[in-house]
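Please look over the sequence and the structure shown below before reading on. The report then takes a few places in turn, with a short section for each.

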Amino acid sequence: MPINAMAKSWEIGDLPFFYRCQPEPSNAAHGLPDRLSFELEFDPELGLVRQRANAEVERALEICYQQGSEISGMMDGQGIGQQYAQDFLSYIGRHEPDFSGQRVLEIGCGTGYLLSLLKARGADVLGIEPGAQGRDGGRRHGVSVVNGFFPHPEVAGKFDLVIAYAVLEHIPDPVAFMRTIGDSLSVHGVAYIAVPDCAPYLRNGDVSCLLHEHWSYFNTGSLTRVVAAAGLRGEVEASGFGGSLYCRVTHASDNAEALAEDLAPAALEFDAFRSMAQAAMGKMEAFLRAPGAAGIYVPGRMINLLAMLDPGLCERMRFFDDNPTMAGLYFPGFPVIIENFEALKNAPPARLFIATKSFHAQVAQRVEQAGVDIPVVAWAEFFAREVAA
């Protein structure tokens, strides 16, 4: 896995192309690959970690989006999707106390649920979404949704508010995309952007954040600089829920300060990310090679790391997850069926790795209360630094 000190690139190799869990260990039924090559690079002008351009990945993503990929989750009127929506709406509402008469565009609007909340507050709303969930959700929530990608001829004129939640990380050229958003804003218009906060992952060497769907891996600094490079001003803060960065974007009078930051520390962090990821690979390999079957709880967090190891190690692992919709399914490229907690309790593995920092204590307690006496390994034991997830 060579890293070029000048270009700051890391050829990771083939990683899972994760569309959704499947009844067979393959994406073939959807016309999608199970794995595709993945290379990271560091942009020395933006201080941005991003996936290197790859035409094969782009072709697969076009199929994925047209089928309505839901990998990042979607805002909707129930469950965790509702929590995402309420937190983001609360953030916007702190800056926009009155939506009456505001012309609002949401790019990548999913089901249109957030737009329906804004419409109920008096906004004139329009969404654009390439997946079928936009057409179906638009009818269900009573909002207008254009089926396609932004920019689009049916999305014309200027908008008072432009919203892009969990969109910018999917764009190969985020600076050009932000310029287009800026061009769509009225004179006093504001854009509200949300992206995953990748800083904890990058600081720990945790490769679970790497997805072919995501071209950019933002932290506060790189998001601010991308917005500034587009000729706009961005004010970034952490979300209240969901591990995202929120950014309020306006037309800029002066954004030179954001582009003048010394990026040498960010370049060193890119090198450290690779080193820590390789250290975690070594720990995972040792964990799997120990005697008996190795259990991995919340395996979705580890499929990238596992894909970087010897494929033969699949025979030594078992996957467990509490999500009832995943039981009996497979992650594409892994011939390891996903089992539920009852399966773990009834036939325990020889040891268990709990691949979540946030919920480790709850899972470990549940295992203990079920009378399962096996060694339990924590996420923190695989990664070098302790950062809030």
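In the loop between which two elements is Asp-310 found? In this predicted model, Asp-310 belongs to the loop that runs between helix 10 (303–307) and strand 14 (317–320).

Gly-112 is found in another loop, the one between strand 5 (103–107) and helix 3 (113–120). Is Gly-112 buried or exposed? Its relative accessibility is 0%, and because buried means under 20%, Gly-112 counts as buried.

When neighbours within four places in sequence are left aside, Gly-112 is in contact with His-141 and Val-143. The C-alpha atoms of Gly-112 and Leu-126 are 8.9 Å apart in space, and the two residues are 14 residues apart in sequence.

## Helix 2 against helix 3

The axes of helix 2 (residues 79–95) and helix 3 come within 10 Å and cross at roughly 45°, an angle that makes the two helices oblique to each other. The crossing of this pair is right-handed.

Which residues meet where helix 2 and helix 3 are in contact? From helix 2 come Gln-82, Ala-85, Gln-86, Phe-88 and Leu-89, and they meet Tyr-113, Leu-114, Leu-117 and Leu-118 of helix 3. Sorted by class, this contact has seven nonpolar and two polar residues, with no charged ones.

## Helix 7 and its ends

Helix 7 (residues 220–229) is mostly covered, since seven of its ten residues are buried. The buried residues are Ser-222, Leu-223, Thr-224, Arg-225, Val-226, Val-227 and Ala-228. For Ser-222 the relative accessible area is 1%, and the residue is therefore buried; not counting residues up to four places away in sequence, Ser-222 touches Leu-46, Gly-47, Leu-48 and Tyr-217.

At the N-terminal end, helix 7 is capped by Asn-219, which has a side-chain oxygen 3.2 Å from the backbone nitrogen of Gly-221. After the helix comes Gly-231, and the phi of this residue is positive, near 85°.

## Helix 5 against helix 7

How do helix 5 and helix 7 lie relative to each other? Their axes come within 8 Å and cross at roughly 60°, helix 5 being residues 174–184, and because of this angle the two helices are oblique to each other. Helix 5 passes helix 7 in a right-handed crossing.

Helix 5 contributes Pro-174, Val-175, Met-178 and Arg-179 to the contact, and helix 7 contributes Val-226, Val-227 and Ala-229. By class, the contact of helix 5 with helix 7 has six nonpolar residues and one charged residue, with no polar ones.

How values were computed
Residues are numbered from 1 along each chain as its sequence is written. This is a predicted model: local features need pLDDT of at least 70, side-chain atom pairs count only at pLDDT 80 or more; totals for chains, interfaces and linings use all residues. Side-chain values use heavy atoms; hydrogens and water are left out. Buried means under 20% relative accessible area, exposed over 50%, partly exposed in between (1.4 Å probe, protein chains only). Helices (H or I, at least four residues) and strands (E, at least two) are DSSP runs, numbered from the N terminus. A polar contact is a pair of N or O atoms within 3.5 Å; within protein, one must be able to donate a hydrogen and the other to accept it, and residues adjacent in sequence count only if both atoms are side-chain atoms. Contact means heavy atoms within 4.5 Å. Axes are lines fitted to C-alpha atoms, for helices over the stretch in contact, and angles run from 0 to 180 degrees between N-to-C directions. Angles under 35 degrees count as roughly parallel, over 145 as roughly antiparallel, 65 to 115 as roughly perpendicular and the rest as oblique. A crossing is left-handed if the near helix is turned anticlockwise from the far one by less than a right angle, and right-handed if clockwise. Ala, Val, Leu, Ile, Met, Phe, Trp, Tyr, Cys and Pro count as nonpolar, Asp, Glu, Lys and Arg as charged, and the others, Gly among them, as polar.
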